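These notes follow a read-through of the model. The points are numbered so that each can be checked against the coordinates.

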Amino acid sequence: MALSGPEVEKQMPAEPQPGREQQSWWCLVFFLCFYGFMAQMRPGESFITPYLLGPDKNFTRTQARWVTNEITPVLSYSYLAVLVPIFLLTDYLCYKPVLLLQGLSYVSVWLLLLFGSTVLHMQFMEFFFSITMAARIAYSSYIFSLVPPAHYQRMASYSRASVLMGVFTSSVLGQLLVTMGRVPFSTLNYISLAFLTFSLVLALFLKRPKRSLFFNRGAPVHAGAAPSELHQMNPGPAQAVGARQGWPPAAWRDSTFVRMLRELGRAVQLPQLRLWSLWWVFNSAGYYLIVYYVHILWNVVNPTTDTTRVYNGGADAASTLLGALTSFAAGFVRIRWALWARLVIAVVTVLQAGLVFLMYKTNDIWLCYAAFVLFRGSYQFLVPIATFQIVASLSQELRALVFGINTFLATVLKTIITLVVSDKRGLGLPVCSQFLVYFVYFLVLFAAYFLAAVLVGLRHFQQSRHQPVPPAQELVSPMQEKATQDGAPRPAPEDGVFTVGDLSPQSEAKA
């Protein structure tokens, strides 16, 4: 029997108001980006090393090895210890509690920096700083729980831009206060503490999402959100009509984690995924070792007592700006990555090796600054390319897993190198000798990449005699290349072609 008009209206739920909902999450995105900007406002960060070795603290220049061999190595060890737990807690607790933990850790860092006086206090400072580094995944992931998937790429660019703008503004502000305002380093750290306290208050007003990528996927999703991509990897119990019964149990065999591992096993057979994941592990480890210790090197090259002649903030600002520009330029590179990727990596790596050697050899602080700026810019040029090449053939869940594994392996490698080279229980080398070791490290990586490029080139030369060479292509995924070969139309940028918004989820350490 058909229902009457009033009865139908009574049973039908009220239609959502897309305009109001869209306005709501736009406000949330704006607030989150403002929070991301304010959390980077740490104008004293570029001057921590000269602050520790200056008259404000009990670390004289004869005790500089304490900073190099006892304090800074703690950052690598503690980061390795907290990386996986915080990664899991970020998803399990739905982001906001981890952002609050990050804010509290930032405040703890600057409280210890201002009021601590012993090596143990500074080691605890490095421990809390490692928590802030590991918790940055919460900010980069939080925004994707607020918006529909169709807006992911644009929102990623907004959040990344707010972070870069915060880092740049913070570095410029710190440099201007030191050089032109003659503000002492201690006052600069009090200003940083005030900014970080304000960002912690902002975090209290962030909305806690009801869903996350792995542990909280059962909650309702936003309009336009697609179901989990893992459901399409392998058929579930209801779909697998002819599935084998018995061991392992069906519930275990069809679990999300096991399906992810099976899909990951198939994904690692892709040459481009293996190549760029290896680059991520080995080059990121070397890159962050340089970032950790370059401020100590600057203090050795330019041991001035005149704080107005310390330009660390300007160097950090210039390197951030160049990194953003090179990341932007990477989106317009049109080459056949399957053929030329190894050679491009080899060229960038040998450039990095030369810049590290220049930092080791020079006694001119301006050359040292310039070498670091170019070193950081060259690394940031490859980061978005590696990001796209890795995620091109992966589901959303697998992307997080692969990047998590790559970051963890890079952290393990970085920790091993720190233990052997920097720690007093290992070689305990001074910072200049460490940079010589890092130069050799990048030189070995260059040799490996160049040899791989030669082998690929020879194989391609043998095959090209039997088939024509295709034209240069944009950064597109293997699935899109196959669709183009089959006669399907080329996808638009928002369907997967690499653009400026596809930046690395991995944040800068001590940026």
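1. Basis. This is a predicted model, in which local features need pLDDT of at least 70 and side-chain atom pairs count only at pLDDT 80 or more, while totals for chains, interfaces and linings use all residues. Residues are numbered from 1 along each chain as its sequence is written, and side-chain values use heavy atoms, with hydrogens and water left out.

2. Nonpolar patch. Trp340, Leu343, Val347, Phe450, Leu451, Val454, Leu455 and Leu458 make up a nonpolar surface patch with about 710 Å² of accessible area together. Patches consist of residues with over 30% relative accessible area and no salt bridge, like charges being joined within 9 Å and nonpolar side chains (Val, Leu, Ile, Met, Phe, Trp, Tyr) within 5 Å. The areas come from the Shrake-Rupley method with a 1.4 Å probe, and for residues only the protein chains shown count as cover.

3. Where the patch comes from. Helices α15 (337–361) and α18 (431–464) each contribute at least two of the patch residues; helices (H or I, at least four residues) and strands (E, at least two) are DSSP runs, numbered from the N terminus. The largest share, 5 residues, belongs to α18. Leu451 sits in α18 and is exposed at a relative accessible area of 52%. Here buried means under 20% relative accessible area, exposed over 50%, and partly exposed in between (1.4 Å probe, protein chains only).

4. Packing of α13 and α15. The axes of α13 (residues 271–301) and α15 come within 12 Å and cross at roughly 15°. Axes are lines fitted to C-alpha atoms, for helices over the stretch in contact, and angles run from 0 to 180 degrees between N-to-C directions. The two helices are therefore roughly parallel; angles under 35 degrees count as roughly parallel, over 145 as roughly antiparallel, 65 to 115 as roughly perpendicular and the rest as oblique. The crossing of α13 past α15 is left-handed, a term used if the near helix is turned anticlockwise from the far one by less than a right angle, with right-handed used if clockwise.

5. Salt bridges. How many salt bridges does the structure hold? There are 3, each being a side-chain nitrogen of Lys or Arg within 4 Å of a carboxyl oxygen of Asp or Glu. Arg42 pairs with Glu45, the closest N and O atoms being 2.5 Å apart, and both residues are buried. In the pair of Glu70 and Lys424, the closest N and O atoms are 3.8 Å apart. Glu70 lies in α4 (residues 64–71) and Lys424 in the loop between α17 (396–422) and α18, so this pair ties together parts that are 354 residues apart in sequence. Lys424 is exposed at 54% relative accessible area.

6. Arg425 and Asp423. These two residues form a salt bridge with the closest N and O atoms 3.0 Å apart. Arg425 is exposed, at 64% relative accessible area, whereas Asp423 is buried at 3%.

7. Tyr79. This residue belongs to α5 (residues 73–92) and is buried at 9% relative accessibility. Its C-alpha atom is separated by 4.7 Å from that of Ser130, 51 residues apart along the chain.

8. Positive phi. Cys94, in the loop between α5 and α6 (96–115), has phi near 60°, a positive value in a residue other than glycine. Cys94 is buried, with 5% relative accessible area. For Arg182, also not a glycine, phi is positive and near 50°. Arg182 is in the loop between α9 (152–179) and α10 (185–204) and is exposed at 61% relative accessibility.
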